[in-house]
Amino acid sequence: MTSLSNVDLDKQTVTKAYDRWAPVYDLVFGAVFERGRDAAIAAAERVGGRILEVGVGTGIALPHYSNNCRLCGVDISEQMLRKAQERVTELELSNVEGLWVMDAEHLTFPDDSFDVVVAQYVVTTAPNPEATLDEFARVLKPGGEIILVSRVGAEAGPRRALEHLFAPAARKLGWRTEFSFERYARWAERTDAVRLIERRAMPPLGHFSLIRFAKEGGAEVVRPSFSQESFPAARAAS
């Protein structure tokens, strides 16, 4: 019998956790993370074009994008995507190109496929966050942006102690409580053509941040601001 690596076990844990979340995802995450979701969508629409939503979940964000944006969505949970497809069909979201079951660390899209990659509350759940960010940069066109709403761990104080205490339980839910902002900054520093352009605290209680990276090489200059399986009604990705 083949033994599973820690990474494989982490992926299984995340997949099972999100399958369990699927029936109550909208209720739990709809209102609590609304402001972060709206901020990510607004940032993505400023770039426009073809947008990839990684960790699209039940598709809760899809109806809020402008019809001028072309949307693709991926998620590791098939149950989440079934609900997303129901939403796309019910609301007749013609700007959604497709929804796919896909691992964020191994996206099957070609290089330079998207103008924007959006990932909300996703990166800190990935077994290998840096590899996930590498994939985002690979499929992003020069001149495009990676837009995250993501957990940022406390650097010190009582919140850091609590994060450490609850880390084992959080992992079983598919979350990573301890994740410093320095990991995002170090990733950008070592990644060719990618630079950090914004970090902004998001509710609830500033535990999350809107984080934007630009991929250099496009015509537009962005200035920093710091304050596999396809579903039936979906069209194939080009």
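Q: Starting with helix α3: how many residues does it have, and how far does it reach from its first C-alpha to its last?
A: Helix α3 (residues 34–47) has 14 residues and reaches 21 Å from its first C-alpha to its last, close to the 20 Å expected at 1.5 Å a residue. The expected span is 1.5 Å times one less than the number of residues in the helix. Helices here are DSSP runs of H or I with at least four residues, and strands are runs of E with at least two, numbered from the N terminus.

Q: Before we go on, what sort of model is this?
A: It is a predicted model: local features need pLDDT of at least 70, side-chain atom pairs count only at pLDDT 80 or more, and totals for chains, interfaces and linings use all residues. Residues are numbered from 1 along each chain as its sequence is written, and side-chain values use heavy atoms, with hydrogens and water left out.

Q: Thanks! Which residues of α3 are buried?
A: Gly36, Arg37, Ala39, Ala40, Ile41, Ala43 and Ala44. Buried means under 20% relative accessible area, exposed means over 50%, and partly exposed is in between, using a 1.4 Å probe and protein chains only.

Q: What does the backbone do just after α3?
A: Glycine 48 follows the helix with a positive phi of about 75 degrees.

Q: Which residue other than glycine has a positive phi near 55 degrees?
A: That's glutamate 92, in the loop between α4 (78–90) and β3 (96–101). Most residues other than glycine have a negative phi. Tyrosine 121 also has a positive phi, of about 60 degrees, without being a glycine. Tyrosine 121 sits in the loop between β4 and α5.

Q: Is glutamate 92 buried or exposed?
A: Glutamate 92 counts as exposed because its relative accessible area is 67%. Tyrosine 121, on the other hand, is buried, at 16% relative accessibility.

Q: Over to the rings: how many aromatic pairs does the structure hold?
A: There are 7. Rings of Phe, Tyr and Trp (its six-membered ring) pair if their centres lie within 6.5 Å; planes under 30 degrees apart count as stacked, over 60 as edge-to-face and the rest as tilted.

Q: What is the geometry of tryptophan 100 and phenylalanine 109?
A: They pair edge-to-face, at 5.7 Å centre to centre with 85 degrees between the planes. Tryptophan 100 is buried at 6% relative accessibility, and phenylalanine 109 is buried at 5%. Another edge-to-face pair joins tryptophan 187 and phenylalanine 213, at 5.1 Å centre to centre and 80 degrees between the planes.

Q: Where do tryptophan 187 and phenylalanine 213 sit in the chain?
A: Tryptophan 187 is in helix α7 (residues 181–190) and phenylalanine 213 is in strand β7 (residues 208–215), 26 residues apart, so the pair links distant parts of the chain. Tryptophan 187 is buried at a relative accessible area of 1%, and phenylalanine 213 is buried at 0% relative accessibility.

Q: Which rings are linked into a cluster by ring pairs?
A: Phe33, Tyr121 and Phe208.

Q: And what lies over the face of phenylalanine 181?
A: Arginine 199, at 4.1 Å from the ring centre. A charge sits over a ring if NZ of Lys or CZ of Arg is within 6 Å of the ring centre and within 35 degrees of the ring normal.

Q: Now the cores: how many residues are in the largest nonpolar core?
A: It has 31 residues, and Leu52, Val54, Phe109, Phe136, Leu148, Tyr184 and Phe213 have the most contacts inside it. A nonpolar core is a set of buried Ala, Val, Leu, Ile, Met, Phe, Trp, Tyr and Cys residues joined through side-chain atoms within 4.5 Å.

Q: Which element gives the most to this core?
A: Helix α7, with 5 residues. There is also a second, separate core of 28 residues, including Phe33, Ala43, Ile51 and Leu81.

Q: What does alanine 188 touch?
A: Leaving out residues up to four places away in sequence, alanine 188 touches Val194, Leu196 and Phe213, where contact means heavy atoms within 4.5 Å. Alanine 188 is in helix α7 and is buried at 7% relative accessibility.

Q: Last one: how many disulfides are there?
A: The structure holds 0, a disulfide being a pair of cysteine sulfur atoms within 2.5 Å. Cysteine 69 is buried at 3% relative accessibility, and cysteine 72 is buried at 1%.
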